[in-house]
Amino acid sequence: MTHTELEFQFTQRQSDGSLRRGRTFQETFATDKPARETWLFVSPHDDDLCLGAGLLMQAAIAAGVEVQVLVVTDGCLGYCTQEQEAEIVAIRREETYASFAILGAPAEQIAYVNYPDGGLTAYCGRRRARPGESHLQGYVGLQNAFTWHLRRVRPSRVFTPTHTDLHPDHRITHSELMISIFHAAGAIWPELGPSLPAPPRVGELAVYCDFAAPPNLEIQANDAAFQQKLRSVEAYRSQTQIAALVENTRQAGPYEYVREVEFQLYSPRNYRAMFASPE
Ligand SMILES: [Zn+2]
């Protein structure tokens, strides 16, 4: 597949609301060597990323960034007919590989946590694996899996859908991933791999629901990239409502938005001025 005809424009929105248009990929993501970057896209479900980041992923790959994908759930609830129910996990796996291949990410760059679709509540945190249970280094749970994958991939940036999405799998993925970023950069759980030198930057994506606060980056793509995004959505052809979803995506146009997350880390210094006596 050739990406030579793909074009992207970036507009950054500063905290004072002013806009910086026509930014290059390098300026936008503060990197002079995109080919040395690895970005990890963490997706609650296999089809979230083509909707929320189908243009961004193409832009990153075109710039030379190594894009890695981590799909959290196994898609077992995504069946639309009774005949599909027994086969849906295998069907979705093939559709997922086809969809990401259209965006430029081959199957070897896609990993699965493989926890049950719709059942992430039972996998919050980290606990010892029970006998016979699938595990990573003897443990199960999202914080175990995310810390292991973060230390394996060692990304400079991580992207995941916003916690304001209504689906519990999205909310749980977001909250477990955010704490796992700090686990991965810390010294705990050494069996999960060497600690990250620093927490990666985090970007939130919108899939079904709005952002909690306005995004600060717009990605606009040309028609070639937009058509590929539409084809990557259409790849989930086992979904009976896929035509409507493709049409909605088409109507929305070749735009995507990202909200960069700033962690508000506590220090007493943040508050001292509020309580200082007037001189
Ligand atoms: Zn989803």
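1. Helix H2 passes helix H6 in a right-handed crossing. This is a feature of a predicted model. H2 covers residues 48–63 and H6 covers residues 223–234; their axes come within 9 Å and cross at roughly 140 degrees.

2. Which residues make the contact of H2 with H6? On the H2 side they are Cys50, Leu51, Gly54, Leu55 and Gln58. On the H6 side they are Ala225, Gln228, Lys229, Ser232 and Val233. By type, the residues of this contact divide into five nonpolar, four polar and one charged.

3. The model has an open sheet of nine strands with mixed pairing. The order of the strands across the sheet is E2-E1-E10-E11-E9-E8-E3-E4-E5. Strand E2 (19–23) and strand E5 (110–115) are the edge strands, since each of them pairs on one side only. Direction ignored, neighbouring strands of the sheet are turned by 20 degrees against each other on average.

4. Strand E1 (residues 8–13) and strand E10 (residues 217–221) run antiparallel and are joined by five bridges. Gln12 has Leu217 in E10 as its bridge partner.

5. Which strands does helix H5 touch where it packs on the sheet? H5 touches strand E3 (38–43), strand E4 (66–73), strand E8 (157–161) and strand E9 (201–205). The direction of H5 makes about 160 degrees with that of E8.

6. Helix H5 spans residues 168–185, and Phe182 has its place there.

7. Helix H7 (residues 242–252) is hardly covered. How many of its eleven residues are buried? The count is zero. Just after H7 comes Gly253, which takes a positive phi of about 85 degrees.

Note on methods:
Residues numbered from 1 in each chain as written. Predicted model: local features only at pLDDT ≥ 70, side-chain atom pairs only at ≥ 80, totals over all residues. Axes fitted to C-alpha atoms, helices over the stretch in contact; angles between N-to-C directions. Helix = DSSP H or I, 4+ residues; strand = E, 2+ residues; numbered from the N terminus. Left-handed = near helix turned anticlockwise from the far one by under 90°. Contact = placed C-beta atoms within 7 Å. Nonpolar A, V, L, I, M, F, W, Y, C, P; charged D, E, K, R; others polar. Buried ≥ 20, exposed ≤ 12 C-beta atoms within 10 Å, placed from the backbone. Pairing = 2+ DSSP bridges.
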